Amino acid sequence: MLVDTHCHLSKEYYDNLDVVIENMNGLMITSGCSDETNREVLELINKYNNVYGTLGIHPEEINNVTEESFEFIEKNINNPKIVGIGEIGLDYYRRKDNKDKQKEVFERQLMIAQKYNKSIVVHSRNSVQDAYDILKKYNLKGTIHCFSSSLEMANEFIKLGYKIGVGGIVTFKNSIKLQEIIKNVNIENLLLETDSPFLTPEPFRGLKNEPANVYLVAKKVSDIKNINVDDVIRITGNSAKEEFDLKI
Ligand code: NI
């Protein structure tokens, strides 16, 4: 089954979410990033059968974080369609001046994930070593979403029990290094995602992304690994079901 394990279905990005969700012949997991989008995630999972959600505070949103932000996540974490904590992590590309605060907010959420035994969706940009060092302290599972580091680091995360999230970037002509990583990582350790509305795969790069385009990611993985696309969809779909404990 086709599963988009990471997207952002928000009114902020889409005029007509009904159409976007209908276009997707499979399941999708929409990730919250802020108080507002976390509330939207809950609305969406109640409204659409094939939409699941994760709740979290993204590193770019930490200036608005309050105790209520964490309370909201904890209060809703046992909703059967809330399947993880995310999008959480560290982003030193956008900001380097608040690293301590980023780490603090990240760890607060890791503790919630640990307490409720939830999968996590990790955002790490220009921060791979710090993210790794923190995750190593916890006994968690999850996805390193939109993985963009080295094969060596991919293997380290896999050893810790994490999956490698592959999105539209892998279809870009200049992403030779990422394609090399995907080639060398066992397909059982990969999860497919779109990060919609961002990072639209080729040949639609530049247009707004949507979950249905996860098929193009599957197709590219199939080409790189020389595995039939139906097998890619089946294997990664089973991994997603298991990782997020999706009750279908
Ligand atoms: Ni994202």
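**Notebook: helix packing and the nickel site**

I looked up the handedness first: α3 passes α4 in a right-handed crossing. I note that the model is predicted.

I then listed the residues in this contact. From α3 they are E67, F70, I73 and E74. From α4 they are V105, R108, Q109, I112, K115 and Y116. By class I get 5 nonpolar, 1 polar and 4 charged.

Next came the geometry of the pair. α3 covers residues 67–76 and α4 covers residues 99–116. Their axes lie 11 Å apart, at an angle of about 20°. Angles under 35 degrees count as roughly parallel, so α3 is roughly parallel to α4.

I turned to α2, residues 35–47, and its packing on α3. The axes come within 10 Å and cross at roughly 15°. That makes α2 roughly parallel to α3. α2 passes α3 in a left-handed crossing. I find D35, N38, R39 and L42 on the α2 side, with S69, F72, I73 and N76 on the α3 side. This contact has 3 nonpolar, 3 polar and 2 charged residues.

Last, I checked the metal. The nickel ion has protein donors H6 (NE2), H8 (NE2), E87 (OE) and D195 (OD). They lie 2.1 to 2.2 Å from the ion. The 4 donor atoms subtend angles of 83 to 171°, so I log the arrangement as irregular. The sequence spacing reads H-x1-H-x78-E-x107-D. I placed H6 in strand β1 (residues 3–7) and D195 in the loop between β8 (190–192) and α8 (214–225), so this pair ties together parts that are 189 residues apart in sequence.

Note on methods: Residues numbered from 1 in each chain as written. Predicted model: local features only at pLDDT ≥ 70, side-chain atom pairs only at ≥ 80, totals over all residues. Heavy atoms only, no water. Axes fitted to C-alpha atoms, helices over the stretch in contact; angles between N-to-C directions. Helix = DSSP H or I, 4+ residues; strand = E, 2+ residues; numbered from the N terminus. Parallel < 35°, antiparallel > 145°, perpendicular 65-115°, else oblique. Left-handed = near helix turned anticlockwise from the far one by under 90°. Contact = heavy atoms within 4.5 Å. Nonpolar A, V, L, I, M, F, W, Y, C, P; charged D, E, K, R; others polar. Donors = N, O, S within 2.8 Å, 3.2 Å for Na, K, Ca; no water. Tetrahedral: all angles 85-135°; square planar, octahedral: opposite > 155°, others 65-115°.
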